[in-house]
Amino acid sequence: MREVAFIKQNKEKWLEFELAIFGKAKKNPDELANLYIQLMNDLSYAQTYYPKSKTVIYLNHLASQIYQKIYKTKRTEKNRLVEFFKIEVPLLVYEYKRYLMYAFILFFVTVAIGVVSAKYDPNFVRLILGDSYVNMTLENIKKGNPMAVYGSGSNWGSFIGITFNNLKVGAQCYFYGILGGIGTFYIFLQNSIMLGSFQYFFYEQGVFWKSVRGIWIHGSMEIFAIVIETTAGFILGASILFPKTFSRMNSFKIGFKNSFKIFLSTFPFTISAGFLEGFITRYSIDMPNWLSSFIILFTLAIISFYYLVYPFIVHKKMQQLSANRIN
């Protein structure tokens, strides 16, 4: 069947799906489940015969939305918070995985810009970090502890202050997405260039490994979370700029709801990063190499698995469940 005929044949049914998603057509959970099965059939057909078509993207989006609708309306005694992190967020991350890819590409490019800028412009680091911070760090390096700044203040005071600051930066990365993604891009650009120049500064001073052992104990989760928050900001901006088949308002509603859930999912990681920075990083200079390396790799593995691997596992599981119901 030609794609045009396929669309024409199923157009009315897909419109019914959209009405069910936006609550304009009241459907009970069983009816929604039946719609979901039909839609998965259409999606499988489209993936087989029109794999590079926009129809596949559209149907995949509808399928994700209907699944969430079923989840919200079905009666269950399961813990809502557990299901949010276990099923809902991973499915959303999978649906918007290309925005995650864009955010990571932007991250590596802008960090590289920071490194190159710091390498070829002796004043760049001072411009970005400020004279007082650079001078203080140089003094700490002379004293043999380049990470001494993390040891200032009390554990709890540092933890609370750092966590609120990181949550603020993450919120800026996300909510500035309402400016068509430009605000998100600007905030992320600032932080990534700062990170690149910051790390090159320590490299130039000959204490790169000591800085890595300190910064990345908390930085693995903190920086990764900012990338995810930037992803959410791009999703929010794209929902306004590219409404696809939806009205711009409905597209924004869907984009805001989905991106906000992804944004909220970063909170445990951001708070964990704040805890590590307040209580653990200050002791990095005295830690054996194996311990600091283990903490860095372990925290990076946890957040990487959750956002880069687990969404594919959950998506595949949902497809298998749908296939089993059909059979």
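Which residues in helix 8 meet helix 11, and which residues in helix 11 meet helix 8? The first close-up answers this; the other views follow. The model is predicted.

**View 1. Helix 8 packs against helix 11.** From helix 8 come Gly 170, Ala 171, Tyr 174 and Phe 175. They meet Phe 256, Ser 259, Phe 260 and Phe 263 of helix 11. The contact of helix 8 with helix 11 holds 6 nonpolar and 2 polar residues, and no charged ones. Helix 8 spans residues 155-175 and helix 11 spans residues 248-265. Their axes lie 11 Å apart, at an angle of about 160°. Angles over 145 degrees count as roughly antiparallel, so helix 8 and helix 11 are roughly antiparallel to each other. The crossing of helix 8 past helix 11 is right-handed.

**View 2. The whole chain, for orientation.** The protein chain has 13 helices and 0 strands. Its pattern along the sequence is α-α-α-α-α-α-α-α-α-α-α-α-α. Of its 327 residues, 49% count as buried. The protein chain exposes about 17100 Å², and 64% of that comes from carbon and sulfur atoms. Take the contacts in the protein chain with a separation of 6 or more: residues 24 or more positions apart account for 78% of them.

**View 3. Helix 5 crosses helix 9.** Helix 5 covers residues 97-120, and helix 9 covers residues 182-204. Their axes come within 7 Å and cross at roughly 45°. An angle between 35 and 65 degrees falls in the oblique class, so helix 5 and helix 9 are oblique to each other. Helix 5 passes helix 9 with right-handed geometry. On the helix 5 side, the contact residues include Ala 103, Leu 106, Phe 107, Thr 110, Gly 114 and Lys 119. On the helix 9 side, they include Phe 185, Phe 188, Leu 189, Ser 192, Gly 196 and Tyr 200. By class, the contact of helix 5 with helix 9 has 13 nonpolar, 5 polar and 1 charged residues.

**View 4. Helix 5 also packs against helix 10.** The angle here is about 125°, with the axes 9 Å apart. Helix 5 and helix 10 are therefore oblique to each other. This crossing is right-handed. Helix 5 contributes Tyr 99, Leu 100, Ala 103, Phe 104, Leu 106 and Phe 107. Among their partners in helix 10 are Ile 223, Phe 224, Val 227, Thr 230, Thr 231 and Phe 234. The contact of helix 5 with helix 10 divides into 13 nonpolar and 2 polar residues, with no charged ones. Ala 103, Leu 106 and Phe 107 of helix 5 take part in the helix 9 contact and in the helix 10 contact.

**View 5. Ala 232 sits in helix 10.** Helix 10 runs over residues 208-241. Ala 232 has a relative accessible area of 0%, so it is buried. Beyond its neighbours within four places in sequence, Ala 232 contacts Tyr 174, Ser 259, Ile 262 and Phe 263. Of these, Tyr 174 belongs to helix 8, while Ser 259 and Phe 263 belong to helix 11.

**View 6. Gly 153 lies in a loop.** The loop joins helix 7 (131-142) and helix 8. Gly 153 counts as exposed because its relative accessibility is 55%. Leaving out neighbours within four places in sequence, Gly 153 touches Ser 158 and Arg 282. Its C-alpha atom is separated by 8.9 Å from that of Gly 278, 125 residues apart along the chain.

Note on methods:
Residues numbered from 1 in each chain as written. Predicted model: local features only at pLDDT ≥ 70, side-chain atom pairs only at ≥ 80, totals over all residues. Heavy atoms only, no water. Axes fitted to C-alpha atoms, helices over the stretch in contact; angles between N-to-C directions. Helix = DSSP H or I, 4+ residues; strand = E, 2+ residues; numbered from the N terminus. Parallel < 35°, antiparallel > 145°, perpendicular 65-115°, else oblique. Left-handed = near helix turned anticlockwise from the far one by under 90°. Contact = heavy atoms within 4.5 Å. Nonpolar A, V, L, I, M, F, W, Y, C, P; charged D, E, K, R; others polar. Buried < 20%, exposed > 50% of the residue type's maximum accessible area, 1.4 Å probe, protein only. Areas by Shrake-Rupley, 256 points an atom, 1.4 Å probe, with all protein chains shown as cover.
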